[in-house]
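The sequence and the model come first, and the description follows.

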Number of protein chains: 2
Amino acid sequence: MAEYATTVTQDTIGAVQLEIGNNQNELYFRKPFDPASYDLELTFRLTKFADLKGRGCKVPQEILSKLLLTLQHNEENGQQEEEHTNFMQLLPQPRLGIGMDSSVTPLRHNGLSLVQTTDCIYPIVDEPYMMGKIACANVLSDLYALGVTECDNMLMILGVSIKMTEKERDAVIPLIMKGFKDCATEAGTYVTGGHTVVNPWCTLGGVATSICQINEYIECNNAVVGDVIVLTKPLGTQVAVNAHQWLEQPERWNRIKLIVSEEDVNKAYNRAMDSMARLNRTAARLMHKYNAHGATDVTGFGLLGHAQALAKNQKKEVSFVIHNLPIIAKMAGVAKACGNMFQLLQGSSPETSGGLLICLPREQAAAYCKDIEKQEGYQAWIIGIVEKGNRSARIIDKPRVIEVPAKEKDGSLW
Amino acid sequence: MAEYATTVTQDTIGAVQLEIGNNQNELYFRKPFDPASYDLELTFRLTKFADLKGRGCKVPQEILSKLLLTLQHNEENGQQEEEHTNFMQLLPQPRLGIGMDSSVTPLRHNGLSLVQTTDCIYPIVDEPYMMGKIACANVLSDLYALGVTECDNMLMILGVSIKMTEKERDAVIPLIMKGFKDCATEAGTYVTGGHTVVNPWCTLGGVATSICQINEYIECNNAVVGDVIVLTKPLGTQVAVNAHQWLEQPERWNRIKLIVSEEDVNKAYNRAMDSMARLNRTAARLMHKYNAHGATDVTGFGLLGHAQALAKNQKKEVSFVIHNLPIIAKMAGVAKACGNMFQLLQGSSPETSGGLLICLPREQAAAYCKDIEKQEGYQAWIIGIVEKGNRSARIIDKPRVIEVPAKEKDGSLW
């Protein structure tokens with residue numbers, strides 16, 4: 001049985017009600033989380049409830065590929081497989097699966113496909129409400145990468161850390177859930193269920209599902225020579241959240257304090273948080289308007305890892321060459337100062353809830369970027385080109401770093 | 001991006017291919033897992049890769065209810081909520097959600113509903129292949145509890161323990177995946193994607209989704225006075241897997257060795273494993289044939305916990321009274337010898353991938369049980385009755401314990 005129970009006791013979540021009652025303004029939740037206002041230890045930090053983040057928490061790409069062979073469908077069970085193949089031939093839609101952002105399954109019901117994805121991350125920011133939003137945006141991003149803009153349902157998957165005290169749990173988990181739910185509402189969908197377990201680390205994830213017509217999603221494998229590559233969010237989220245944690249770790253901070261000021265780091269952290277919580281939905285919608293030839297979203301394997309995975313999936317013999325790296329302001333400098341730690345300029349620094357990486361016809365790309373900025377107030381960048389090649393991706397030797405400043409919002413800097 | 005990658009290297013999973021090549025017989029995988037044959041330490045035990053199991057890994061029911069208030073839809077956002085309500089009124093199907101085994105969402109597409117669920121457990125048996133099957137059966141069970149028999153798609157969610165060596169990981173994870181996949185095949189569905197992370201504990205879960213017509217699922221809230229309650233699998237899985245681990249822990253074993261023999265425990269363990277890996281699909285199919293009035297599946301909150309949740313959801317003023325407890329042979333004795341540890345006879349011992357608990361018209365129940373035994377070779381039991389009441393459930397003072405023996409299979413005892 002899924003454990004979500006409906007019982008409503010009057011001993012409700014005081015904290016959340018307070019928030020809702022006193023402040024409809026999201027800015028309230030974006031303020032640095034103040035443990036004292038929830039009667040928690042001043043040293044409480046959500047990010048302490050997991051030892052790994054970003055790529056650290058992923059099974060390395062090449063090992064995963066090997067392990068996942070087990071799930072390939074064509075290795076055994078001749079008869080069953082054959083039946084399946086025959087069934088598939090009757091259907092007009094392609095069946096996409098392992099290796100894609102989302103799985104696409106043709107349904108028994110005429111012309112419809114099931115598009116779905118699941119994802120899960122560990123805490124990377126200390127604001128529980130924003131962390132909930134980020135977890136939700138991160139799950140939805142896999143649908144948006146396929147150009148799907150309507151999510152029909154979400155489930156939430158939550159691991160509550162065994163190291164949280166009851167007080168911490170009761171203060172923080174409702175805020176995370178509220179962030180997750182608010183983000184789902186923003187995306188025009190609902191959280192109807194899910195699963196909660198106790199786990200050593202705090203985990204935040206979910207499932208996003210869309211049942212759609214074939215014209216509602218965009219296959220990711222139609223890039224052609226001459227296309228250009230667009231990225232819709234800046235890189236450097238992982239560097240920013242780490243630098244922010246180092247403000248409280250003198251020996252780490254000493255390593256970068258000549259490169260950045262505390263204010264720089266706070267701005268970068270807020271920009272990262274803002275960016276990670278932002279939906280890729282408009283980016284997905286505009287993929288249809290500007291005839292995108294395929295896309296993926298940039299997350300745990302970094303820009304280059306995901307560009308390579310996308311290149312490998314192409315039907316035509318193409319390769320991706322990346323010339324520009326839009327990076328949250330000052331974070332390229334921080335990454336350089338840390339030696340090989342982040343691999344940001346090499347394209348391997350993990351991102352959380354990153355932007356869409358989209359192959360667009362050359363003549364449409366500038367209009368795409370202009371349109372997204374007009375609708376959302378956020379820049380997108382042409383970062384590379386599609387050449388003839390062997391389905392790989394690379395970053396040129398000395399890529400141009402585009403410094404992406406913190407955004408002005410409501411008079412305060414984010 | 002969902003991390004499943006398609007790349008196939010020739011350096012494939014030797015172990016799995018070996019199994020497939022040499023032995024199509026599932027019995028091979030059911031043998032006690034032999035670490036030596038995978039070149040692992042003799043002391044390797046899958047169950048050591050999590051400290052909690054069963055109810056231990058759940059957030060307690062009452063706390064969860066409180067936390068989940070955040071996800072209720074009617075607390076705020078008046079306008080958006082109203083729009084949603086209006087949308088719902090246009091649809092002929094009910095929308096079920098939090099608190100149910102699966103969430104049911106009416107779709108934009110004519111007459112169809114999305115039924116889906118997610119679940120996740122920690123290792124409870126030492127056979128990786130069987131553990132994969134159990135994890136899959138456990139996820140699917142939430143669909144079957146609603147009488148849904150066709151799963152359209154599955155995703156697998158895997159947490160690989162940070163404590164596993166590379167060698168252990170490469171031996172064990174493919175076996176778990178194979179078990180998961182084989183169980184999905186048995187259920188007539190496919191695993192098309194998922195998510196893998198690194199986590200302190202090994203976690204095993206997934207998502208099951210069905211898009212179906214309204215007549216394909218059975219609402220769980222139509223029990224009436226005079227119905228009887230049927231259970232389709234024996235209780236005691238948690239006791240059996242614990243007793244089995246105690247064979248290697250002398251101080252624990254001493255506590256129960258006067259009650260059971262090593263052979264009893266091995267038989268109970270195998271019966272439990274067999275039972276947990278068995279699909280509730282036939283049970284779900286027969287719910288339609290015999291006009292079930294509602295069902296749930298028995299998992300982490302134990303028989304009584306789930307009976308209470310089902311009772312609370314009823315439309316009519318009814319209560320459930322349970323008279324009989326079918327329990328894996330000897331496990332009632334073990335539970336008694338352990339004092340309050342398991343709460344098996346009180347109905348609170350957690351089960352994993354337990355049976356369906358079904359409300360059936362009195363005149364149909366015996367035929368239902370007979371039919372399931374005829375089709376599957378497994379017994380089902382009438383365990384209680386539906387009375388007039390306040391939507392609660394209880395077990396009578398001295399319930400009758402039905403000792404359920406290990407099954408004879410292929411000449412060997414399970």
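## Terms and basis

A residue is called buried when its relative accessible area is under 20%, exposed when that area is over 50%, and partly exposed in between, with a 1.4 Å probe and protein chains only. Helices (H or I, at least four residues) and strands (E, at least two) are DSSP runs numbered from the N terminus.

This is a predicted model, in which local features need pLDDT of at least 70 and side-chain atom pairs count only at pLDDT 80 or more, whereas totals for chains, interfaces and linings use all residues; side-chain values use heavy atoms, with hydrogens and water left out. Residues are numbered from 1 along each chain as its sequence is written, and chains are lettered from A and ligands numbered from 1 in the order in which they are written.

## Confidence and overall make-up

The predictor gives the complex an ipTM of 0.77 and a pTM of 0.82. Over residues 1-24 of chain A the pLDDT stays under 50, although the model has 68 contacts beyond four places in sequence for them, a contact being heavy atoms within 4.5 Å. Residues 410-414 of chain A also stay under 50, with 15 such contacts. Where pLDDT is low, the predicted coordinates should not be read in detail.

Chain A holds 13 helices and 13 strands, and 65% of its 414 residues count as buried. Among the contacts in chain A with a separation of 6 or more, 83% are between residues 24 or more positions apart.

Helix α6 of chain B covers residues 166-186, and its 21 residues should span 30 Å at 1.5 Å a residue, which agrees with end C-alpha atoms that are 30 Å apart; the expected span is 1.5 Å times one less than the number of residues. Because 16 of the 21 residues of α6(B) are buried, this helix is largely enclosed by the rest of the structure. Just after α6(B), Gly188(B) takes a positive phi of about 75 degrees.

Helix α9 of chain B (residues 262-277) has 16 residues and reaches 23 Å from its first C-alpha to its last, close to the 22 Å expected. Twelve of the 16 residues of α9(B) are buried, so this helix too is largely enclosed by the rest of the structure. The buried residues include Asp264(B), Arg271(B) and Asp274(B), as well as Val265(B), Tyr269(B) and Met273(B).

## A β-α-β unit in chain A

Strand β3(A), helix α6 of chain A (residues 166-186) and strand β4(A) make a right-handed β-α-β unit; right-handed means that, with the strands pointing away from the viewer, the path from the first strand over the helix to the second runs clockwise. Strands β3 (residues 153-161) and β4 of chain A run parallel and are joined by eight bridges, where strands pair if DSSP finds at least two bridges between them. Met156(A) has Gly194(A) in β4(A) as its bridge partner. Nine of the nine residues of β4(A) (residues 191-199) are buried, so this strand is largely enclosed by the rest of the structure.

## Nonpolar cores

A nonpolar core is a set of buried Ala, Val, Leu, Ile, Met, Phe, Trp, Tyr and Cys residues joined through side-chain atoms within 4.5 Å. The largest has 101 residues, and those with the most contacts inside it include Val125(A), Leu140(A), Met154(A) and Phe320(A). Helix α5 of chain A (residues 128-144) gives the most to this core, with eleven residues. Apart from it lies another core, of 98 residues, among them Ile63(A), Ala137(B), Ala243(B) and Trp253(B).

Leaving aside neighbours within four places in sequence, Phe320(A) is in contact with residues including Ala223(A), Ile229(A), Leu310(A), Cys359(A), Ile385(A) and Arg394(A).

## Individual residues

Gln343(A) has a positive phi of about 60 degrees although it is not a glycine, and this residue lies in the loop between α12 (331-337) and β9 (356-360) of chain A. At 23% relative accessibility, Gln343(A) counts as partly exposed. Ser353(B), in the loop between α12 and β9 of chain B, has a positive phi of about 45 degrees and is buried, with a relative accessible area of 1%.

Thr282(B) sits in helix α10 (residues 281-289) of chain B and counts as buried at 11% relative accessibility. Beyond four places in sequence, Thr282(B) is in contact with Ile372(B), Gln375(B) and Glu376(B).

Notes. pLDDT is the predictor's confidence in each residue, from 0 to 100.
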